[in-house]
Amino acid sequence: MPTPSLASAPIRRLTLRDLTACADLSEDRGWPREEHKWGFLLTAGKGYGIDDPGGGLVAACTVTEYGPHGRPSLAAIGMVLVAERHARQGVGRRLMRHVVSELGTTPLTLHATPYGRPLYEELGFKVTGRAEMVRGRFTPVGPEPGIATRAATAEDLTTIVRLDEEVFGADRTHIVTRLPAFADQLRVAEEDGRIIGYAAAWPNMDTHVVGPLIARDTETAKALIGSLAARTDRPLRTDIEARHEGLLAWARERGLAVVAPNAVMTYGITELPGDWNRRFAPLTVAAG
């Protein structure tokens, strides 16, 4: 059980003013500070936290909602962190129960580490999939996919939003329209003048994270990753849906090693909406 002071401490909404405290909390648990990602999640979604009387945050998490405003059809929970000095005192459980209650009947999803999975299972989340985080310096090998890619333009956004909703299974307009400012690269794949996929690469500490990655098929996904890799000197990182074995094998052959598996978990639904065949990687596991 939480200590008496933590058991009664209010859970409040976080804002961009809490960005440094959130990054400090990440660092406290041995995670990168990831201020760029925290800032995105706190503005595109919601943050929840518990203040430490001694300064900073005891715990925090983010929620990203998808679908009609005020009536979300899906919400992703991420960045669930508890300060090391308050670990194993029930604080994370209390915060998660609060967030699940706040979201009511909205179906939920999250990516769980082996460490966090038992708590989420206790709360009623079920494992419905798996993602593999891969990281490394991309080295082209052999012939590249013969699919044309180019930098996305402002005129492409409407088409990208429409394709994204079709594949993801919920409206992510508030995410997609932020990508030009959030990402260093946003590229589309085309065939006969028609957009058949898109991907972004955004800066996260010393890497570029590839996500979202939406593509007609594996060859299109390869072309998008290759085109992003050719335009950065940073290592790449991405979280590939594990059922895409062909893309994972291709990425490993080009220097991206599997560094961490995550269980994809859901609450209130038996599987994620949309078309997994064309959904290759999320923006970030924190946003589903």
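Q: How many helices and strands does the chain have?
A: The model is a predicted one. Its secondary structure includes helix H2 (19-28) and helix H3 (35-44), as well as strand S4 (74-82) and strand S6 (126-136). In total the chain has ten helices and 13 strands.

Q: What radius of gyration does the chain have, against the globule rule for 288 residues?
A: Along its principal axes the C-alpha trace spans about 65 × 35 × 30 Å. For 288 residues the globule rule gives 19 Å, and the value for the chain is close to that, so the chain is as compact as a globular protein of that length. The radius of gyration is 19 Å.

Q: What percentage of the contacts between residues at least 6 apart in sequence join residues at least 24 apart?
A: The chain has 288 residues, of which 55% count as buried. Its accessible surface comes to about 12700 Å², with 51% belonging to carbon and sulfur atoms. Of the contacts between residues at least 6 apart in sequence, those that join residues at least 24 apart make up 72%.

Q: Which residues lie closest to the centre of the largest pocket?
A: The volume of the largest pocket is about 1100 Å³. Its lining consists of 43 residues. The closest to the centre are Trp 31, Val 80, Leu 81, Thr 113 and Tyr 115.

Q: Which element supplies the largest share of the lining of the largest pocket?
A: Several elements each supply at least two residues of this lining, among them helix H4 (91-102), strand S5 (108-112), helix H5 (117-122) and strand S12 (257-267). By class, the lining has 22 nonpolar, eleven polar and ten charged residues. The largest share is six residues, and it comes from S4.

Q: Which element gives the largest share of the lining of the second largest pocket?
A: The second largest pocket has a volume of about 370 Å³. It is lined by 26 residues, and those nearest its centre are Glu 241, Arg 243, Val 264, Leu 272 and Arg 279. Two or more residues come from each of S5, S6, S11 and strand S13 (279-281). The largest share, four residues, is from S6.

Q: How many charged residues are in the lining of the second largest pocket?
A: Three of the residues nearest the centre of this pocket are named Glu 241, Arg 243 and Arg 279. By class, the lining has 13 nonpolar and six polar residues. The number of charged residues is seven.

Q: Why does Val 134 count as buried?
A: Val 134 lies in strand S6. Leaving out residues up to four places away in sequence, Val 134 touches Leu 236, Arg 237, Thr 238, Ile 240, Leu 248, Leu 256, Ala 257 and Val 258. Buried means under 20% relative accessible area. Val 134 counts as buried because its relative accessibility is 0%.

Q: Is Arg 254 buried or exposed?
A: Arg 254 is found in the loop between helix H10 (245-253) and S12. Beyond its neighbours within four places in sequence, Arg 254 is in contact with Arg 137, Phe 138, Thr 139, Val 141 and Glu 144. With a relative accessible area of 6%, Arg 254 is buried.

Q: How far apart in space are Thr 232 and Arg 137, C-alpha to C-alpha?
A: Thr 232 is in the loop between helix H9 (218-229) and S11. It counts as buried because its relative accessibility is 17%, and it touches Gln 185 and His 208, not counting residues up to four places away in sequence. In sequence Thr 232 and Arg 137 are 95 residues apart, while in space the distance is 10.0 Å.

Q: What is the relative accessible area of Pro 32?
A: Pro 32 is in the loop between H2 and H3. Leaving aside neighbours within four places in sequence, Pro 32 is in contact with Ser 26 and Met 205. Pro 32 is partly exposed, with a relative accessible area of 39%.

Q: Which elements do the buried residues of H2 pack against?
A: In H2, the buried residues are Leu 19, Ala 21, Cys 22, Ala 23, Leu 25 and Ser 26. Just after H2, Gly 30 takes a positive phi of about 85°. The buried residues of H2 pack against strand S1 (11-14), H3, strand S3 (57-66) and S4.

Definitions and conventions: Residues numbered from 1 in each chain as written. Predicted model: local features only at pLDDT ≥ 70, side-chain atom pairs only at ≥ 80, totals over all residues. Heavy atoms only, no water. 1 Å grid on protein atoms, 1.4 Å probe; cavity = no way out; pocket = protein on both sides within 12 Å on 5 of 7 lines; lining within 4 Å. Points joined across faces, edges and corners; volume = space filled by probe spheres on them. Nonpolar A, V, L, I, M, F, W, Y, C, P; charged D, E, K, R; others polar. Rg over C-alpha atoms; globule rule 2.2 N^0.38 Å. Buried < 20%, exposed > 50% of the residue type's maximum accessible area, 1.4 Å probe, protein only. Contact = heavy atoms within 4.5 Å. Areas by Shrake-Rupley, 256 points an atom, 1.4 Å probe, with all protein chains shown as cover.
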